[in-house]
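Open the model in your viewer and keep the selection tool at hand. The tour makes a few stops, each with something to pick.

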Amino acid sequence: MIGRMDITGFDLNLMKAFDALYAERHVTRAGSRIGLSQSAMSGALTRLRELLGDELFVRTPSGMQPTPRAHDLAGPVSDALRLLRSALQADSFDPATADNTVTLAMTDYAAFVLLPSLMARLSVDAPHINVRVCGMFGRDEAITLLDSGEANVAIGFPVETSARIISSPLFFESFACVVRVGHPAFAGGPSLKAFAAAPHLLVSPEGDRSGIVDRRLADLGLERRVVLSLPQFLAAPFVIAGTDLVATLASRIARRFADAGAGIAIYEPPLELPTWPLHLMWHRRADTHGAIAWLRGIITKIAASA
């Protein structure tokens, strides 16, 4: 029975031969259709008959006529060949019709800054694509998620590039000093003395109790007291708005919360702090994948105007 056929080692070229024979109903013309000689096509038909236990095509005065078994096979074989051709075409990805799911590994910062614009763009250019976001906290987590294939791309702090992980900068971010509106210690602006003396809130995804601000203060012979350490930034502006704590946050985040009326004021930090990069990362095995390459291009364009 065909249901028990072992297709291990089955020659897919036989399916091409069958499809051509069904379309042409003539051995020589079918051979020309797929680039085989008349003798090679005859040999393919012989092998098909042996494998399937059916004549498949019977010679008549009007040409090769399909048997009922051949009629049953024609649709599924044609569909299978069309699906295979589509899967093997390097440039077959069409965002307008694609209906796959993509997985983005993102820090909460990257999601906050990029995800609204990305989803708005996808709803127009790729309305059938679904997006899954998985959180990314530690720096090395991007490598794990990309290596395992759990994520198609990762967006966050850059990791050390390797033979398998590719990384490209999206933009550079600066810091802002954030306090509640009307904070008494900052009425005249954030002096270095008032900044160092104030109680601080620190956002550290990796759970550190100190950061770049502490290192810069130490260079100046100063130190601060970190009263609250958070793994994510989302609660920080609201804590700041209701207390006398001071936070040093990413500028894009601070501006958006201030513009939304969160009750916070933004100042330039009273000490020199470096900018830091947000990177787009992907695995080398997906470097030429049509859908992933297209997605990377969209993310890069959105980041340019973030």
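The cavity count comes to one at 30 Å³ or more. A cavity here is a set of points, on a 1 Å grid over the protein atoms alone, where a 1.4 Å probe fits but cannot get out. Points are joined across faces, edges and corners, and a volume is the space filled by probe spheres set on them. The largest cavity holds about 30 Å³. Select its lining, meaning residues with an atom within 4 Å of a point: Thr 107, Met 136, Phe 137, Gly 138, Arg 139, Ala 142, Phe 157 and Met 281.

Before moving on, note that this is a predicted model, in which local features need pLDDT of at least 70, side-chain atom pairs count only at pLDDT 80 or more, and totals for chains, interfaces and linings use all residues. Residues are numbered from 1 along each chain as its sequence is written, and side-chain values use heavy atoms, with hydrogens and water left out.

Next, the largest nonpolar core. Such a core is a set of buried Ala, Val, Leu, Ile, Met, Phe, Trp, Tyr and Cys residues joined through side-chain atoms within 4.5 Å. Buried means under 20% relative accessible area, exposed over 50%, partly exposed in between (1.4 Å probe, protein chains only). This core has 59 residues; select Tyr 109, Leu 114, Leu 118, Ile 155 and Leu 170, which touch the most other members. Helix H5 (residues 108–125) gives the most to this core, eight residues. Helices are DSSP runs of H or I, at least four residues, and strands are runs of E, at least two, numbered from the N terminus.

Zoom in on Leu 114. Its contacts (heavy atoms within 4.5 Å), leaving aside neighbours within four places in sequence, are Met 106, Ile 155, Leu 170, Phe 171, Leu 278, Ile 302, Ala 303 and Ala 306. A second, separate core has 21 residues, among them Met 15, Phe 18, Leu 56 and Leu 81.

Now select residues 38–52, helix H3. Which residues of H3 are buried? Pick Met 41, Ala 44, Leu 45, Leu 48 and Leu 52. They lie on the same side of H3, because they cover an arc of only 100° around the axis, taken from the directions from the helix axis to the C-beta atoms. Ser 39 and Glu 50, on the other side of H3, are exposed. Gly 53 follows H3, with a positive phi near 65°.

Last stop: Val 227, in strand S9 (residues 225–230). Val 227 is partly exposed, at 38% relative accessible area. Select Leu 201 too: it sits 26 residues from Val 227 in sequence, yet 6.1 Å away, C-alpha to C-alpha.

Terms used: The expected span of a helix is 1.5 Å times one less than its number of residues. On a 1 Å grid over the protein atoms alone, a cavity is a set of points where a 1.4 Å probe fits but cannot get out, and a pocket is an open set with protein on both sides within 12 Å along at least five of seven lines; lining residues have an atom within 4 Å of a point.
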